[in-house]
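Here are my notes on this one, point by point. Have the structure open while you read.

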Amino acid sequence: MSDIETRRFAAHGLTLVGDVGGPEGAPVVVLLHGGGQTRHSWAGTMQRLIAQGYRVINLDARGHGESDWAPNGSYRLSDMAQDLRMVLDTVDRPIALVGASMGGMTAFHAIGSSDRPIADALVMVDIVLKPAEAGAKRIQAFMRAYPDGFASVEEAADAVSTYYPERPRPKDVSGLRKNLRLREDGRFRWHWDPRILDMGQRAEPPGPFETLAMLASKVTLPTLLVRGGKSDIVDDAGVAEMVRLVPQTEIFDVPGAGHMVAGDMNDPFSAGMIAFLERHLPTGG
């Protein structure tokens, strides 16, 4: 297995940070995390993909993790899609895009709004073109909570456990430190730019999901929808709408997982995703 190195990518006037590993010349898989997450949410999945023989780019989105915050506070899907296209310009196809929630929306928008093919397979992880409203509001409420931050990493871990009681609270919470930044006032705050939450309120119609639906006819590449069995974001109606608008979509359920599918049940998630990728971007691994 090749070493993983951290690289910087020029994207739309910003610098994005990503981890890169796997054999050069192999099919490329680009991992795109969800809103409020970092590239570290894909750590286990990245190792599995590299072991299978894929070249992997695991990115922090603008405003997240170690990537730059947008000076003008612009976090529209079109901005993130343009960032992604600029990263893709640095690698050769075949390329698969694997996106969780916001990352899936970014990948879908980039594919649907491009004037040429930019990828060869798409994996949407627990996100559809019409998500369940209650689940979406729950995520927004959590991201808007705790504007004054936390006194300690343990306090942040308690907040996560309250939001996501299905996942056992780890005894060692030090891993959460990657998602926090110690600010000048001595308190820990989430790593992401809080202005991300303002974009939805400032956006003119159509909204992001309406835009994705309008682009759906241009998304004709092999597509896999991975659904967490306990997800409050993807329901049966959302799956039906996805299949109606993107009829080549295959469905893979991970019964024990919630919205954070890769973090909840990484082994079955990775196995199902790799099986799909091997059919469309085989490595021989």
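**Notes on the fold**

1. Let me start at the surface: T162 is exposed, with a relative accessible area of 62% (buried means under 20%, exposed over 50%, partly exposed in between, using a 1.4 Å probe and protein chains only). T162 sits in helix 5; helices here are DSSP runs of H or I with at least four residues, strands are E runs of at least two, and both are numbered from the N terminus. From T162 to T283 there are 121 residues in sequence and 41 Å in space, C-alpha to C-alpha.

2. Before going on, some ground rules. This is a predicted model, with local features needing pLDDT of at least 70 and side-chain atom pairs counting only at pLDDT 80 or more, while totals for chains, interfaces and linings use all residues. Residues are numbered from 1 along each chain as its sequence is written, and side-chain values use heavy atoms, with hydrogens and water left out.

3. Eight strands make an open sheet with mixed pairing, in the order 1-2-4-3-5-6-9-10; two strands pair if DSSP finds at least two bridges between them. Strand 1 (5-11) and strand 10 (249-254) are at the edges, each with a single partner strand, so one side of each has no neighbour in the sheet. From one strand to the next the twist averages 20°.

4. Strand 5 (residues 95-100) deserves a look. Strand 5 runs parallel to strand 6 (residues 121-125), joined by five bridges, and parallel to strand 3, again with five bridges.

5. Which residues of strand 5 are buried on each side? I95, L97 and G99 are buried on one side, and A96, V98 and A100 on the other.

6. In the loop between helix 2 and strand 5 we find P94, and a cis peptide bond joins R93 and P94, with omega about 10°. In the loop between strand 5 and helix 3 lies S101, whose phi is near 50°, a positive value in a residue other than glycine. S101 is buried, with a relative accessible area of 15%. For reference, most residues other than glycine have a negative phi, and most peptide bonds are trans.

7. Next, helix 3 (residues 102-113). Helix 3 lies across strand 3 (28-32), strand 5 and strand 6, running at about 140° to strand 5. For the angles, axes are lines fitted to C-alpha atoms, for helices over the stretch in contact, and angles run from 0 to 180 degrees between N-to-C directions.

8. Helix 2 (residues 77-88) packs on helix 3 at about 75°, with the axes 8 Å apart. That makes helix 2 roughly perpendicular to helix 3 (under 35 degrees is roughly parallel, over 145 roughly antiparallel, 65 to 115 roughly perpendicular, and the rest oblique). Contact means heavy atoms within 4.5 Å, and here L77, S78, M80, A81, L84 and R85 of helix 2 meet M102, M105, T106, A107, H109, A110 and S113 of helix 3. By class, the contact of helix 2 with helix 3 has eight nonpolar, four polar and one charged (nonpolar is Ala, Val, Leu, Ile, Met, Phe, Trp, Tyr, Cys and Pro; charged is Asp, Glu, Lys and Arg; the others, Gly among them, are polar).

9. Helix 3 also packs with helix 7 (residues 208-215), at about 40° and with axes 9 Å apart, so the two are oblique to each other. The contact brings together M105, F108, H109, G112 and S113 of helix 3 and P208, F209, T211, L212 and L215 of helix 7. Its residues are six nonpolar, four polar and no charged.

10. Last, helix 4 (residues 133-144) and helix 5 (residues 153-163). Their axes come within 11 Å and cross at roughly 165°, so helix 4 and helix 5 are roughly antiparallel. R138, I139 and F142 of helix 4 meet A159, V160 and Y163 of helix 5, which gives five nonpolar, no polar and one charged. In the loop between these helices is Y146, with a positive phi of about 60° although it is not a glycine. Y146 is partly exposed, at a relative accessible area of 34%.
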